[in-house]
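Work through the exercises below with the sequence and the model at hand. Each task is followed by its solution.

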Amino acid sequence: MSDIDIKRISYLAKLKLPSEKEEFYSNSLKDIIKWVDNLKKVDTSKIEPLHNVTEKTVSIRNDEVSKSNSVDDVLSNAPERAQNFFKVPKVVE
Amino acid sequence: MKNSISQIKKDLIEKKISVSELYDEYLAKAKSGNNNSFNLVIDRENNISSINESQNRYDSGNPLLLDGIPLGIKDLFCTKGIRTTASSKILSNFIPNYESFVTQQLLNDGSIFIGKNNCDEFAMGSSNETSYFGPVINPWKNKNSQKDNLVPGGSSGGSAAAVAEGSCVASMGTDTGGSIRQPASLCGIVGLKPTFGSCSRWGIVAFASSLDQAGPLTNCVEDAAYILNSINKHDFNDSTSSNHQREDYLIDINNSLQKKIKIGIPSDYLEDVSDEILNQIDNTKKALSKHGIEFVDVEFKTTEYALSTYYILAPAEASSNLARYDGVRYGVREDGESLDDIYLNSRTKGFGDEVTRRILIGAYVLSAGYYDAYYRQAQKVRRLIKNDFQRILNEVDFILTPTTPNEAFKIGDKLDPISMYKNDIYTVPTSLAGLPGISIPSGLSKNGLPLGVQFIGNYFEEKTLLQLAALAEKELSFNE
């Protein structure tokens, strides 16, 4: 197992770990990854990955128009809104 | 013995109690809040019209399946107009404008919600200690150490504690790797995880979508059948919801099983277990043998890989599912100068330690260079685990295992995540295989704490699983 680059992993997960906690998470991750490493010894060369455990045919509903949420419903939990939009700081200069 | 749903309905029909009086009894217990089993207790005013409508149906002689029955709902189910937090800071202000499929069925059948049960944050935990709203306390006490507060198990710990303390008749929980069965066992009640794909996941805050399944925590097996009759339905809004024909789980529940039954006991599960746990299996075996049920030893080949597989797949799915919490559309937003700062600050401050840990594990096993070695390999081993169960279920009708490796432990006792994860050793494999499992109380430990056994059945065969569990329950029942 290679070393865990905790800065890179937290960047991928959009988390900004406080510097005093980086070591805590880094060590914790190392322990857990080491613990799950036993899977590497299982021969799976002829095995397909399992995605949906019951492997039942996914049922497709008829394509019918139905009433769903209104704009106000959708925006009702928005931390900040402006008219019919979610509001965030300016993204494009 | 607490009243069963059928007994309560009988009392309501015979007017020994009114819907309103029944509700008030449970509401008062829920409000006392001694064990922190509720994140939110719903105000009486918000339930008054449901109470009156329910009473009217009793008065006119046409009560519904769950009419007037006070239920708890794990705070992971979206409930329309009622705060739904997943026990997380990041959702602590979230008020859904829709009702989850499962809770809608329960409302359609006349039940009345007492409140939202505390749980581990985003259902990640085995002790209910990761909740933003504080740990839930198990209503049971160690008789040799009365003042210790014990964990109720998790993640549906608030649900289990609420049923055990009598602040709701039953509670809806969710189970990803044992989150219904393990707390049910530690709190001395019944917990059923149905087959994956039985009960719609629509409107349940997602943790690991290939594993999450809703199910009831109840005082008795028959109550679990009541709830299952209500919630086990096909739903187009969940693409993994199975469209097979559902059975009536209640009818015939107390009848003897139709055919001769053979139950397998996995010898590899019982290596290294304590005598106390071993006794639960032996007692169950003895009790059921009297009914002509045959027991055989079976052996899994994949048990040692189950936890590793789970702790790759579940965090991977969680890291993907929890990407939606960004402080923009709903949930708590933390200040930031740029949009990116809002994302980073909201997520970092909004998630607790265990959730952060699992997001990081997930991000790692899904990242370039590690995806095939961890995530894809785990998905392949998952198929081997499923095949292993199918091999054994070709030889036997059911599998009997302990539910947990130990009794309820003290709050704060298990600090190391891996030792916490090992609590789910008997429930995780069933979840990976997607099979139904039910935990029923089987006896008390030397410390006077409840222990449970788990029966595992074949895909979508909840009906016979419940019949078997009802029979075992009669033989094993213990008084508090």
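**Exercise 1.** What share of the 93 residues in chain A do buried residues make up?

Solution. Take buried as under 20% relative accessible area, with a 1.4 Å probe and protein chains only. By this cut-off, 33% of the 93 residues of chain A are buried. This is a predicted model, in which local features need pLDDT of at least 70, side-chain atom pairs count only at pLDDT 80 or more, and totals for chains, interfaces and linings use all residues. Residues are numbered from 1 along each chain as its sequence is written, chains are lettered from A in the order in which they are written, and side-chain values use heavy atoms, without hydrogens and water.

**Exercise 2.** Which elements does chain A have, and in what order do they run from the N terminus?

Solution. Count DSSP runs: helices are H or I of at least four residues, strands are E of at least two. Chain A has 3 helices and 2 strands. Their order from the N terminus is α-α-α-β-β. The radius of gyration of chain A, over C-alpha atoms, is 23 Å, well over the 12 Å of the globule rule (2.2 Å times the number of residues to the power 0.38) for 93 residues, so chain A is more spread out than a compact globule.

**Exercise 3.** How many residues of chain B are in contact with chain A?

Solution. Contact means heavy atoms within 4.5 Å. On this basis, 74 residues of chain B touch 60 residues of chain A. Next, take buried area as the accessible area (1.4 Å probe) that two parts lose on being put together, summed over both. Chains A and B bury about 5700 Å² between them, and 63% of this is on carbon and sulfur atoms. In chain B, the most area is lost to chain A by B:L360, B:Y364 and B:R383, together 12% of what that side buries.

Terms used:
Buried < 20%, exposed > 50% of the residue type's maximum accessible area, 1.4 Å probe, protein only.
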